[in-house]
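Here is a protein chain to be read through questions.

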Amino acid sequence: MRKFVAHRAKKLITNATASLFNPHHQSSSSSSNQYYTSARLARFFTSLPSDTSMASDKSTPPLTVDSLNPKVLKCEYAVRGEIVSLAQTLQQDLQANPGSHPFEEILYCNIGNPQSLGQQPITFFREVLALCDHPTILDKSETQGLFSADSIERAWQILDQIPGRATGAYSHSQGIKGLRDTIAAGIEARDGFPADPNDIFLTDGASPAVHMMMQLLIRSEKDGIFCPIPQYPLYSASIALHGGTLVPYYLDEATGWGLEVSELKKQLEAARQKGITVRALVVINPGNPTGQVLAEQNQRDIVEFCKKEGLVLLADEVYQENIYVPEKQFHSFKKVARSMGYGDKDIPLVSFQSVSKGYYGECGKRGGYMEVTGFSPEVREQIYKVASVNLCSNISGQILASLVMSPPKVGDESYDSYFAERDGILTSLARRAKTLEDALNSLEGVTCNKAEGAMYLFPQVKLPNKAIKEAEKAKKAPDAYYAIRLLNATGIVVVPGSGFGQVPGTWHFRCTILPQEEKIPAIVTRLTDFHKKFMDEFRD
């Protein structure tokens, strides 16, 4: 702005000087020219903003919190919220000032991020990824001694499916066709029913797929999405961002976080009386944060409910490999629907899967997919259009998704080591879940349901009235106050139940079972000591 003003002033003054003092510019009309030039200069300088107004323009930022999209302000994501920010500050303090806190490290039990807590990646998966990313080593003789024969063979197969054999190139917006073929074959082997690769949309983890479906389903705040309470905050956040309404249905803690169809009917009727059109039902199986695994009959009832009420069924099945109790088994909702006689066109169903969970835990690779069935060709075109806006998901994630759904088989060179790695991770997770579950249930005022699956425990904590009042003084939810005190005393990071939703008047926290097994006893000791002191401090 200042440069523009200076340039304009210089031009006017130069012209004025030439008119006033150059004799070649004098004429019988010189006096009128002088008057005209002076008038222009006067108008220019009187039109300039004062220093005060210019300073005001500079001091007013173009973007403030108040001028942001209100949907963004409404959105919250508890698993990376205030307590995690505090934990990161404490971690920096520990690095700068060792011994400054009553603990030596921060234990992040807030998020399902296995490799950050020491879990090792599956060797076969990483060998194939390495060979695909740097295919020139496939032709080197020493590669045969460094990589298994089946990983080399799989890498060649995958590279032949990628245009240009380049993992750095864009792919089809749904994902590489050959990889979708592999995933569809894996789904068919798992369920015993056909799967179409054209129904597969590969995504950067499951989260973008959820956002995509919310974007397609939600037209205004009058559109509602059924979500379990407690729920994974991705759903409440994405519904808020896309301007819809979360319609809650409460899981029954007393029956192991059961999903009752009677509760669905009650909440659906209540939503409709408020003028809300419920478009879809989200079911998380195995549950996050609650860890339950649905019985097959329960799933059948849910499918019938969606069919009768005309709802899209959004099945979050990213923990399908994480089952820890022998009496429970994972069944995909697609398998259940097909076994009930419903075909591809009978019920709209979207199933989400991710490479971030299971025994693989490849969170940073951002791989996943959604299988979309039961939609018309016209709707499918719109889904593809939304997918194409993002061009494609990352190729490493696409490759991993295909490997997860088609791991080594009996007879392959890598099978024994793959099976040992997978089984070792899953059995260790089961032991960790049981150890933490028993420890939590031994604490005063704490009850914790069995972790049947997934990666979390979600205990209820009956907090003393004095603690609740102290939390109110601090302007914190009581379970958030408890979690902050726990962090400051022990370095253990958990997520307050209020970030997931809970029955009013109850308080919980979510804790992962992911710290390495040798660290679990120390976590139990720290948590037990803290809880006893906390309860004594606020005892009524």
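Q: Where is Met-213 found?
A: In this predicted model, Met-213 is part of helix H10, residues 206-217.

Q: Why is Met-213 called buried?
A: Buried means under 20% relative accessible area. Met-213 has a relative accessible area of 2%, so it is buried.

Q: Which residues does Met-213 touch, not counting those up to four places away in sequence?
A: They are Leu-314, Val-350, Phe-352, Met-370 and Phe-375. A contact here means heavy atoms within 4.5 Å.

Q: What makes Leu-117 count as buried?
A: The cut-off is again 20%. Leu-117 has 15% relative accessibility, so it counts as buried. Its place is in the loop between strand E1 (107-108) and helix H6 (123-133).

Q: Which residues is Leu-117 in contact with, leaving aside its neighbours within four places in sequence?
A: Leu-117 is in contact with Tyr-108, Thr-512, Leu-514, Pro-515 and Gln-516. Leu-514 is 397 residues from Leu-117 along the chain, yet their C-alpha atoms are separated by 6.7 Å. For the chain as a whole, 72% of the contacts between residues at least 6 apart in sequence join residues at least 24 apart.

Q: Why is Arg-165 called partly exposed?
A: Partly exposed lies between the 20% limit for buried and the 50% limit for exposed. Arg-165 stands at 41% relative accessibility, so it counts as partly exposed. Arg-165 sits in the loop between helix H8 (149-161) and helix H9 (177-191). Its phi is positive, about 50°, although it is not a glycine.

Q: Is Lys-475 buried or exposed, and why?
A: Exposed means over 50% relative accessible area. Lys-475 is at 77% relative accessibility, so it counts as exposed. Lys-475 also has a positive phi, about 60°, without being a glycine. The loop that holds Lys-475 runs between helix H18 (465-473) and H19.

Q: Why is H19 described as largely enclosed by the rest of the structure?
A: Of its 13 residues, 10 are buried, so H19 is largely enclosed. Among the buried residues are Pro-478, Asp-479, Tyr-481, Leu-486 and Thr-490.

Q: How does the reach of H19 compare with the expected span?
A: The expected span is 1.5 Å times one less than the number of residues. H19 (residues 478-490) reaches 18 Å from its first C-alpha to its last, close to the 18 Å expected. After H19 comes Gly-491, with a positive phi near 80°.

Q: Which residues of H13 are buried?
A: Asn-298, Gln-299, Ile-302, Val-303, Phe-305 and Cys-306 are buried. They cover an arc of only 160° around the axis, so they lie on the same side of H13. Gln-297 and Lys-308, on the other side of H13, are exposed.

Q: What covers the buried residues of H13?
A: The cover includes strand E3 (223-229), helix H12 (261-273), strand E5 (277-284), strand E6 (312-316) and helix H14 (333-339). Just after H13, Gly-310 takes a positive phi of about 70°.

Q: Which residues does a cis peptide bond with omega about 15° join?
A: That bond joins Asn-288 and Pro-289. Pro-289 is in the loop between E5 and H13. The peptide bond from Ile-229 to Pro-230 is cis as well, with omega near 5°. Pro-230 has its place in the loop between E3 and helix H11 (233-241).

Q: Which residues line the largest cavity?
A: The lining includes Pro-228, Pro-230, Asn-288 and Pro-289. By class, the lining has 7 nonpolar, 4 polar and no charged residues. About 50 Å³ of space lies in this cavity. The structure holds 3 cavities of 30 Å³ or more.

Q: How many helices and strands does the chain have?
A: The chain has 20 helices and 14 strands. Of its 540 residues, 50% count as buried.

Key: Residues numbered from 1 in each chain as written. Predicted model: local features only at pLDDT ≥ 70, side-chain atom pairs only at ≥ 80, totals over all residues. Heavy atoms only, no water. 1 Å grid on protein atoms, 1.4 Å probe; cavity = no way out; pocket = protein on both sides within 12 Å on 5 of 7 lines; lining within 4 Å. Points joined across faces, edges and corners; volume = space filled by probe spheres on them. Nonpolar A, V, L, I, M, F, W, Y, C, P; charged D, E, K, R; others polar. Buried < 20%, exposed > 50% of the residue type's maximum accessible area, 1.4 Å probe, protein only. Helix = DSSP H or I, 4+ residues; strand = E, 2+ residues; numbered from the N terminus. Arc of directions from axis to C-beta.
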